[in-house]
Amino acid sequence: MTANPTPTDADRFLRIAEREQRGRLTAYLGAAPGVGKTYRMLQDAARRQTDGCDVLVGVAETHGRSETAALLEPFEVLPRIAIDHQGHRLDEFDLDGALARRPDLVLVDELAHSNARGSRHPKRWQDVVELLDAGIDVATTINIQHIESLNDVVAGFTHVRVRETIPDSILDDAELIVVDLPPDALIERLRAGKVYLPDTAGRALANFFTPNKLSALREMALRFAAHNVDRRLTDQLELSGERADFVSGERLMVAVSPGRGGARVVRQAKRMADLLHAPWTAVVVESGSARAVPGGQREQLADNLALAASLGASLMTVAAQDVGQALVDQAKDLRASQIVIGKSRRSRWFEWRHGSIAQDVIRRARNVAVHIVPLDEADEKPVRPPDPYSQRDNMLAFLIVAGTVALLYLASPMVPFGAIDLLLLVPVIVAATYLRLRAALWAAIWAALSYNFFFIPPLYTLTIDNPQNIITFAVLALVAVVVGMLAGRVRRQAETSAGVARLNASLARFAGLMGGLSTRDDTARVACHEIGMLLDVEAMIVSIEDGEIVVRGNDRFSQLDMVDEAAVRWTLEHGEPTGRDTGTLTSADWQFHPLKTAMGTMGALGLARSSNQRVIRPDDATLLASLVDQTALAHERLVLEAEARQVDALRERDRLRGALLGSIAHDLCTPLTAVIAATEAIPVEGNFGEEVRIARAESRRLQRFLNDLLEASRIEHGTIEPKWESLDFTDIITAVLRDLRQDRPGARVLTRIDPECPFITSDPLLLRHVLINLIDNALKFSPAPLPVDVELLCRADTVICRVLDRGAGLPADRDGLFDRFHRLEGSDRVGGSGLGLWIAKNFTEAVKGTITAGNRPGGGAVFELALPVRPVGASVDRVADA
C-alpha cells in the first residue's frame, strides 16, 4: 500500500496557475454582529486605495452608524439595483455593474446575505464566487454562526437557528482576518445603541448577547481562524514543494498496530484529539514483518482501523521496511504535532534482539511530542502458527552451503587458501536472496563452521591453533551474518517495491479501462469485474432511478433483500458506508460505499465475500478508497458527457433556428414593404376605411415582428456594435411615442420627466428599439382606457427610465422573463413572439445598461431601464471600455 502521492512539479504549477487566475478573497470574521467587521474592512480598503489600489464599494451596510458611514466618503460606491419583492422595493448588489467596472478590489458586505427573488444568484456568496472567477479581488464580512459546518453547534448553545449560511469551501482559499471584541465591550456597545435600536437591543441582551454565549462564539471564531491559517500554510508548503521542519497548530498521528492493545491506543488518541480540538490520522505501516502477521491479528488490525474510522480519524497506509522511520517521516508530511504509539512491556533482552519501534520514534522525532500508551505483553505478543516453510528453507540453506563446501573441498588444490573464505560467502548471499532471513543466518553459521572444520588446520576439528586463523574465522562469521542480513533486507525492500508497483499498475490499468467506456452499464460491468479481481470479492453498483433500486455490473445478483435494500438507501441518502463490517445495518450481506463526487452521490458500490472473513482486508483499505474514487469519477464523467451532448444539440438547434428565422425575415421584408406601401396609398375614406386602417396597423405590427427576427439574428451572430453619441433621453422618448402613435392612434401614454436629467452617451437607435418594445408591450396589456406611464428619473450617476402598465402584472415566478421565445403563463405577459424583452435586454446590455422587471403597488407591471451617465465629450474607445 502507498501513502498519498506527492504532488509533481506539473501539478504544483497547474494549481498555482489556477490560483493566480482567480481573485483573492479576504474575509473579516467576527463572533457576533457589532464587533466592527465593516469598520475594519473599510479602514483596510482606505489604506489600499491610498497605495494606488482601485477600490469599489459594492455593498457596505452602515446600519445607521455615523462613524462607519464617514469611512465611505473616499470610495466610489456602486449603485444598487432595485428589485420588486412582494410589493416591496429591495436594493441588491449590482453584480453586472461590478463585473463591467472591473476594479482591483470590490467590497461586498454580509457574505451570507440571501438575495431577493429575481436576482441572478439566490445567495450573495455566489455573487462573490463569480467575481473571484473573473479575477477580481473581494473583501467581505461574515459572522461565525453563518458558517454551515458550525450552524448546528451554534444553535445548540444559543438556541437560535441561523438560516443564512455559507459553505465552508468558500473560505478554503480566503485570508481570514478576525475582528475580535471582548464580550463586555460588545455588550456595552449594544446598550449604547451602537448595534441595534433600543427595543431590539433589549431582546438581544436577554437572548443572544449574553457573556457566556459571546465567549463561546468568540472561542469558535478564533479556533476556526487558526484552523484556516494552518490549512493555508499546509497548502502553500505543498504547492512550493518544501518540507517544513516545524509544526503549527495541533495535529495528532496515531500508529495502529495489530492486537487488542491497538484499540486502546486508538481510543487514547481520540480522547487527546477531542481535548485539543485537533484533526487526527491513523497510520498503518506495511512492512515485511507486518505482512507476516497471522490471520487472527490481521483481523484485529482491521477492527482497529474500523474503530479509528468510526471515531473520525483519517486512515493512511504506508509501505516501508523501517517502521519507526516511516512513522517519523509520515508525521513530518502530515505536520503532526503529536504522535501516539503503544508500547508493550518487554524485557531488555527482547528489545535488544528485536528492537523497539516506540524507542526508534522517540529517538528520531524532532519538534514532535511522542505519547507512549503502555500495553500488556499479552495483548501485543504475536502468537504465530507453525510455519511449514521454515524447516524447508533451513534445509535448503544447509544443502546450498554443503554443496559449496564440497566443491571447494574437491577443488582446494587449485583454489588459493585465501580465496576460500570469500567463496564461502556465496551460499550465504544466495540463501538470503531466495530464502528467508532466518535461513540466511543459519547459512552464515554453517559456512563459518565448515570453513573451520574443513579448511583451517587442524582439519576435521573445530579447534584453531593459529591466532591468525581465529581472526579469519571471526571475520568470516561476522561478514557472513552481515551480508545475509543486508541481502535479506534488500530482498524484502524489493518485495515491498514490487507490491507497490503492482498496486500502482493495477490502479493505472483500472483508470485506463474506466476512461474508455461510454455507457453506465459498461462502466458498472467493467468496474465490478476489476474490483472483484483486485479485492477478491463480489461487486455491484446500485443506484436509485425513478424511485426504484437498479443493480448494475453483476448479473448474478440482480435483486437485493430487504436489509440490503435499506442499507443501500441509507448510503445513497447519507453518503456513508453501511452494511456488513460497518457501524450501520451490520446484518446486511453486502457492504455499500457511496460513489461521491462534486456533483453529488452517483450511486453505491456494493461488496460481499462468501466466507465469514471481513469483506475488506486491512491492507486493501487504501486500494478500495482509490477504486471507489475512480469509479465515482467515471460515472461523473458519463453524466457530464451526456449533459455536454445535450448542450451541443441545443446549441446546434438554436443555431439552425436562428439561421432559419433570419432567412425567413429577410425573405419577407421585401414583399411586406410593398404591402405597407400599398396600404398607405389606399385612402381610409369610403366603405372599406376600417379595413384599411386594420391592414395598415397589422402590416406595421408584422414589420416590427420581422424586425425583431432580424435583430435576434444580429444578436445571435454578435454583430451589435453601438454607435456612441451624446444624446438627451427625452428626445428618445419623444421619438418613440411619435412612432407608436402612428401605429396606435389614440395610444394612452403619460410621461413624467425629471428636468434635471443630464445628457448621456449611448446609441440612440438601440435605445429607441428598447423603448419601443417596452412601451408597446405595456400598451398591449393595459386595458382601455387606462394609460401607460413612462418616467425618467436621475439618481446620482444613473439615468432611469421606467415603463409602468396597469394590467394584471407579472406572476411570482418570473424566471426566464427575458429569455428568448419565453412567454409567461398565468399573467398579462401572454402572447407575441417572446422576442421583444429578450431583444430589449441584449440591446440594453450592449449600451452598458441594465433592465429589470417587477410589479407596481396597486397592480400592473413595471420595467426599469438604468443607464450610466457618461461624460458628454467621452470618446468612443473610453465609453466602450467603461
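**Sheet, helices and nonpolar cores**

Six strands make up an open sheet, with parallel pairing and the order β3-β2-β6-β7-β1-β8. The model is predicted, so local features need pLDDT of at least 70 and side-chain atom pairs count only at pLDDT 80 or more, while totals for chains, interfaces and linings use all residues. Residues are numbered from 1 along each chain as its sequence is written, and side-chain values use heavy atoms, with hydrogens and water left out.

Strands here are DSSP runs of E of at least two residues, helices are runs of H or I of at least four, and both are numbered from the N terminus. Two strands pair if DSSP finds at least two bridges between them. In general, strands of a sheet pair through backbone hydrogen bonds, either parallel or antiparallel. In this sheet, β3 (76–77) and β8 (175–179) are the edge strands, each pairing on one side only. Strands β2 (residues 55–59) and β6 (residues 105–108) run parallel and are joined by four bridges. L56 has V106 of β6 as its bridge partner.

Helices pack on this sheet. Helix α5 (residues 124–133) touches β1, β2, β6 and β7. Its direction makes about 175 degrees with that of β6. Helix α2 (residues 37–50) lies across β1 (25–30), β2, β6, β7 (137–143) and β8. Helix α2 runs at about 165 degrees to β7. Such angles run from 0 to 180 degrees between N-to-C directions, with axes fitted to C-alpha atoms, for helices over the stretch in contact. Contact means heavy atoms within 4.5 Å.

The largest nonpolar core has 43 residues. Such a core is a set of buried Ala, Val, Leu, Ile, Met, Phe, Trp, Tyr and Cys residues joined through side-chain atoms within 4.5 Å. Buried means under 20% relative accessible area, with a 1.4 Å probe and protein chains only. F729, I733, L767, I775, C801 and F863 have the most contacts inside the core. Elements giving it two or more residues include α26 (729–743), α27 (764–781) and β23 (798–804). The largest share, nine residues, comes from α27. Apart from this core lies another, of 35 residues, among them V59, V138, I147 and L171.

C801 touches F729, I733, L771 and F863, among others, not counting residues up to four places away in sequence. C528 is buried, at 5% relative accessible area. C53 is also buried, at 14%.

Overall, the protein has 29 helices and 25 strands. Of its 882 residues, 44% count as buried.

Note on methods
Buried < 20%, exposed > 50% of the residue type's maximum accessible area, 1.4 Å probe, protein only.
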